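Subject: Structure handover and notes

Dear colleague,

I am passing on the structure that we talked about, and below it you will find my notes on what turned up in it. Please read them with the model open beside you, so that each residue can be looked up as it is named.

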Amino acid sequence: MRPANTRVQTDAAEVAVTTADFAAAVRHFLAQQPRQLPSRFLYDPLGSALFDAICQLPWYRVTAGETRLLTQHGGAILSHLHPLARIVELGAGNGDKLAAMLSSALPRTTPLDLDLIDISPAALATASRALSAFDQVRVFAHESSYEAGLHRLGSEPAAAGRTLMLFLGSNIGNYDPDGAAAFLKQAREALRPGDALLLGTDLVKPETDLLMAYDDPLGVTAAFNRNLLVRIKRELGGDFDLDGFTHRAVWNGRASRVEMHLLSTRAQRVRIAHADLDIAFGEGEHIWTESSYKFVPETVAARLSEAGFTPREQWLDREAQFSLTLAEA
Ligand code: AVI
């Protein structure tokens with residue numbers, strides 16, 4: 001049952017990935033050279049569950065490092081933004097990170113609205129349940145893409161106090177540089193002077209650590225990646241032989257990104273019926289499924305400044321080599 005201080009708002013038209021959209025994207029991106037599939041399609045229900053498992057792996061230190069920073073500094077961040085009226089989290093997931101932040105703050109005497117924006121109704125339900133247990137909060141769950149959530153935020157009347165926007169988990173790293181710049185600009189435009197953005201970014205670290213994070217010994221990340229083929233088989237009638245494709249993680253130092261690929265282990269033909277597509281894969285040919293850009297602290301601040309923010313403070317977790325940056329609008 002939904003707690004009394006929780007509302008759910010769904011902008012279903014923005015959220016639903018129809019079979020036709022998926023088929024059109026698969027047809028378009030698999031025809032490119034190199035062949036590609038957009039990483040947003042990794043997150044069907046099984047893919048989302050596998051991603052949650054990745055976050056618990058000892059080799060994927062993003063989640064643990066960020067949670068440590070939020071626990072250590074969350075209270076100070078929130079009190080710095082007095083009078084805070086609202087926290088908006090883009091990609092709230094299961095709400096764990098916001099809960100870590102709120103737990104480290106002093107008990108509130110003034111109300112706080114929590115607006116959670118996520119495309120997953122299951123994640124929103126879990127997060128809303130966990131967060132509505134905090135005193136003095138009202139939780140608003142928005143089933144929406146980031147972009148639609150930002151658009152709605154920018155067109156709403158100003159909150160009674162300041163707004164803190166959270167974009168955590170190094171989700172910004174899954175945009176290419178132009179996409180990240182456009183996203184930060186849209187975030188800046190949705191906020192008002194005095195509001196702030198807290199941005200979580202994974203940092204460049206030794207290649208062996210990066211490759212262990214994206215090609216873990218348990219094979220969870222490999223399953224996360226190969227599940228994209230399972231999804232195409234199920235939803236689009238693809239006749240992929242899963243044994244013919246293997247997971248590959250590569251560090252591209254020049255572009256400062258880890259890339260995930262699906263490598264064809266032999267020459268083979270694949271038909272994807274609902275995308276009306278026949279592909280001949282050569283041995284060693286790959287499908288590029290994700291980029292995960294890694295940053296140095298100075299470039300994070302520079303990108304925020306270019307988008308119109310004023311970076312105020314940055315915290316680093318040395319163990320995970322992860323950063324949180326607070327920037328004011
Ligand atoms: C969601 N995103 C920030 C993750 C990342 O690190 O790029 C997705 C992921 N891919 C493989 N492992 C985790």
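Arginine 162 is buried in this predicted model, because its relative accessible area is 18%, and a residue counts as buried when that value is under 20%. This arginine belongs to strand E6, which covers residues 162-167. A polar atom of the side chain of arginine 162 lies 2.6 Å from the backbone oxygen of glycine 194. If neighbours within four places in sequence are set aside, the residues in contact with arginine 162 include His80, Leu81, His82 and Pro83, and among them are also Gly194, Asp195 and Glu328.

The C-alpha atom of alanine 20 is separated by 9.2 Å from that of leucine 236, although the two residues are 216 residues apart along the chain.

Next come the nonpolar cores. The largest one holds 68 residues, of which Ile87, Leu114, Leu164, Leu198 and Ile272 touch the most other members. Helix H10 (residues 220-236) supplies the largest share of this core, namely 6 residues. To look at one residue in more detail, isoleucine 87 touches, among others and not counting residues up to four places away in sequence, Leu78, Leu98, Leu102, Leu114 and Leu164.

There is also an open sheet to follow, in which 4 strands are arranged in the order E2-E12-E9-E8 with mixed pairing. Its edge strands are E2 (35-36) and E8 (245-252), each of which pairs on one side only. Strand E8 pairs with strand E9 (residues 257-264) in the antiparallel sense over 8 bridges, and asparagine 252 stands opposite arginine 257 in E9. Helix H9 (residues 207-214) lies across E8, E9 and strand E12 (286-293), and runs at about 150 degrees to E8.

Finally, I turned to the aromatic rings. A pair of aromatic rings is described by the distance of the centres and the angle of the planes. A search of the whole structure finds 12 aromatic pairs, and one of them, formed by tyrosine 43 and phenylalanine 224, is edge-to-face, with 5.5 Å from centre to centre and 65 degrees between the planes. Because tyrosine 43 lies in the loop between E2 and helix H3 (45-54) while phenylalanine 224 lies in helix H10, this pair ties together parts that are 181 residues apart in sequence.

Another aromatic pair, that of tyrosine 175 and phenylalanine 183, is tilted, with 5.2 Å from centre to centre and 35 degrees between the planes, and both of its residues are buried. Tyrosine 43 and phenylalanine 224 also belong, together with Phe51, Tyr60 and Tyr214, to one aromatic cluster.

With best wishes

Conventions
Residues are numbered from 1 along each chain as its sequence is written. This is a predicted model: local features need pLDDT of at least 70, side-chain atom pairs count only at pLDDT 80 or more; totals for chains, interfaces and linings use all residues. Side-chain values use heavy atoms; hydrogens and water are left out. Helices (H or I, at least four residues) and strands (E, at least two) are DSSP runs, numbered from the N terminus. Buried means under 20% relative accessible area, exposed over 50%, partly exposed in between (1.4 Å probe, protein chains only). A polar contact is a pair of N or O atoms within 3.5 Å; within protein, one must be able to donate a hydrogen and the other to accept it, and residues adjacent in sequence count only if both atoms are side-chain atoms. Contact means heavy atoms within 4.5 Å. Two strands pair if DSSP finds at least two bridges between them. Axes are lines fitted to C-alpha atoms, for helices over the stretch in contact, and angles run from 0 to 180 degrees between N-to-C directions. A nonpolar core is a set of buried Ala, Val, Leu, Ile, Met, Phe, Trp, Tyr and Cys residues joined through side-chain atoms within 4.5 Å. Rings of Phe, Tyr and Trp (its six-membered ring) pair if their centres lie within 6.5 Å; planes under 30 degrees apart count as stacked, over 60 as edge-to-face and the rest as tilted.
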